[in-house]
Amino acid sequence: MGSRQVTSSVSSDFQGKHVTVAGLGVSGIPAARALHARGALVTVVNDGDDARAREQAAELEALGVTVRLGDGATLPEGTELVVTAPGWKPDKPLFEAARAAGVEIWGDVELAWRLRGTPAGKPAAPWLAVTGTNGKTTTVQMLASILKAAGLRTAAVGNIGVSLLDAVLGDEEYDVLAVELSSYQLHWAPSLRAHSAAVLNLAPDHLDWHGSMEAYAADKGRIYEGNRVACVYNVADKATEELVREADVEEGCRAIGFTLGTPGPSQLGVVEGILVDRAFVENRHKNAQELAEIADVNPPAPHNIANALAAAALARAFGVPATAVRDGLRAFTPDAHRIAHVADVDGVAYVDDSKATNTHATEASLAAYESIVWIAGGLAKGATFDELVAKSAKRLRGAVLIGADRALIRDALARHAPEVPVVDLDRTDTGAMLAAVQEAQRLARPGDTVLLAPACASMDMFANYNKRGDAFAEAVRELGS
């Protein structure tokens with residue numbers, strides 16, 4: 001971990017500047033509005049030209065913003081800056097043209113970072129930032145709950161659905177922001193400098209966007225650049241520690257690990273069911289501070305305890321007292337479809353983890369239960385399942401497979417868990433979920449858990465993972481009625 005004195009240049013002078021905003025939607029529209037309000041000459045380009053896009057375009061055009069629908073490939077003449085929605089891939093022709101012309105490309109996070117502290121006199125709240133392949137949203141929400149328990153004015157923002165631009169430009173003043181950042185957002189945020197940041201884990205994901213695992217990891221690692229107080233990493237995931245080692249940070253910034261085992265100095269961990277801190281205490285080589293009990297974490301699955309430790313590390317880096325960690329974790333309620341207990345039917349627990357859309361998340365979900373009937377399948381997004389199945393085979397009572405790419409999971413089960421009974425439902429209609437739950441009920445025994453942890457995206461059958469989880473919960477309710 002290299003140390004240096006870091007200063008970030010903040011530029012908010014957009015008067016008369018020709019700015020192209022790439023993409024409408026939750027990030028593009030606030031960006032266009034904010035830039036226009038600061039005197040920029042804004043042109044929004046968008047690939048789509050549907051009814052919703054035309055409605056959004058009309059609202060912006062009424063303000064004086066130029067909008068070009070159905071043409072997201074061409075760089076408008078005279079462009080001096082591009083601000084992009086995070087999902088736009090770096091190899092799009094628009095960006096190639098911008099780079100060739102020497103035009104900077106920012107994301108909405110970069111714009112928010114540059115505009116924090118405006119209008120003049122508004123305090124620029126420091127950012128506690130979180131990224132990782134899985135667990136980002138839960139960790140950021142836990143962090144916000146802990147900060148609130150400490151009496152701080154805060155909000156969970158960023159990739160979590162609340163626009164960072166709205167947070168930094170709104171009327172409300174914050175003491176600190178809990179910020180979730182995706183690898184997409186970090187790619188387009190070159191000058192971001194957080195107070196402290198965490199990378200929770202790293203596993204192959206979005207490789208079609210980034211081009212390689214190395215590029216994906218490098219974008220995640222950007223979150224550590226210029227950190228002032230703490231770079232928080234996962235002791236069990238050496239790739240996260242390596243990102244800390246490679247980061248240029250401010251003088252005095254510390255590497256802080258979190259572990260499900262007994263923590264060493266400068267780590268947070270677990271001792272006999274207690275979450276403890278050996279990082280932000282006096283004489284950390286000999287002393288530890290009790291923060292909370294495992295029972296205070298909801299749900300107390302291993303990967304969720306890791307999320308709680310990461311959140312606690314960031315909060316402690318900001319000076320939050322130990323009692324606020326406990327109180328914040330107790331007050332935290334997880335979002336739907338994240339290891340959500342739906343019901344017990346005939347002695348069998350039914351758990352919805354529809355948010356487990358990749359193998360890394362599903363591995364963590366499967367590790368939380370001893371005997372499982374696993375409902376899985378959907379769109380694999382290029383993933384392979386051999387390692388997942390091999391690690392989890394001993395926990396499987398049975399498996400029920402649905403979705404377009406279920407054969408990939410079926411073949412992995414045949415190779416690594418041939419004794420596990422498998423029901424292969426040759427269906428991709430939404431009604432398949434009821435059949436899947438009924439088959440799972442047939443395979444389950446009292447004491448088992450029927451777990452929806454698909455390891456795949458949902459769009460082959462459902463609009464999103466929320467709808468998939470809702471269908472699972474509805475099917476379970478039909479069992480119990």
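Met-142, Ser-145, Ile-146 and Ala-149 of H5 meet Ala-324, Val-325, Asp-327, Gly-328, Leu-329 and Ala-331 of H12, where contact means heavy atoms within 4.5 Å. The residues of this contact divide into 7 nonpolar, 2 polar and 1 charged (Ala, Val, Leu, Ile, Met, Phe, Trp, Tyr, Cys and Pro count as nonpolar, Asp, Glu, Lys and Arg as charged, and the others, Gly among them, as polar). The model is predicted, with local features requiring pLDDT of at least 70 and side-chain atom pairs pLDDT 80 or more, while totals for chains, interfaces and linings use all residues. Residues are numbered from 1 along each chain as its sequence is written, and side-chain values use heavy atoms, without hydrogens and water.

Two packed helices are described by the angle and the distance between their axes. The axes of H5 and H12 (residues 322–331) come within 7 Å and cross at roughly 125°; axes are lines fitted to C-alpha atoms, for helices over the stretch in contact, with angles from 0 to 180 degrees between N-to-C directions. H5 is therefore oblique to H12 (under 35 degrees is roughly parallel, over 145 roughly antiparallel, 65 to 115 roughly perpendicular, and the rest oblique). The crossing of H5 and H12 is right-handed, that is, the near helix is turned clockwise from the far one by less than a right angle. Helices (H or I, at least four residues) and strands (E, at least two) are DSSP runs numbered from the N terminus.

H5 (residues 136–149) also packs against H11 (residues 302–317), their axes coming within 8 Å and crossing at roughly 45°. These two helices are therefore oblique to each other, and H5 passes H11 in a right-handed crossing. On the H5 side the contact includes Thr-138, Met-142 and Ile-146, and on the H11 side Asn-304, Ala-308 and Ala-315 are among the residues. This contact divides into 10 nonpolar, 4 polar and no charged residues.

The loop between strand E16 (289–293) and H11 contains Pro-299, which a cis peptide bond with omega of about -10° joins to Asn-298. Another loop, between strands E14 (267–271) and E15 (274–277), holds Glu-272, whose phi is positive, near 50°. Most residues other than glycine have a negative phi, and most peptide bonds are trans.

The count comes to 1 cavity of 30 Å³ or more, a cavity being a set of points on a 1 Å grid over the protein atoms alone where a 1.4 Å probe fits but cannot get out. The largest cavity has a volume of about 90 Å³. Its lining comprises 13 residues, with Lys-122, Pro-123, Ala-125, Ala-167 and Val-168 nearest its centre; lining residues have an atom within 4 Å of a point.

Note on methods: 1 Å grid on protein atoms, 1.4 Å probe; cavity = no way out; pocket = protein on both sides within 12 Å on 5 of 7 lines; lining within 4 Å. Points joined across faces, edges and corners; volume = space filled by probe spheres on them.
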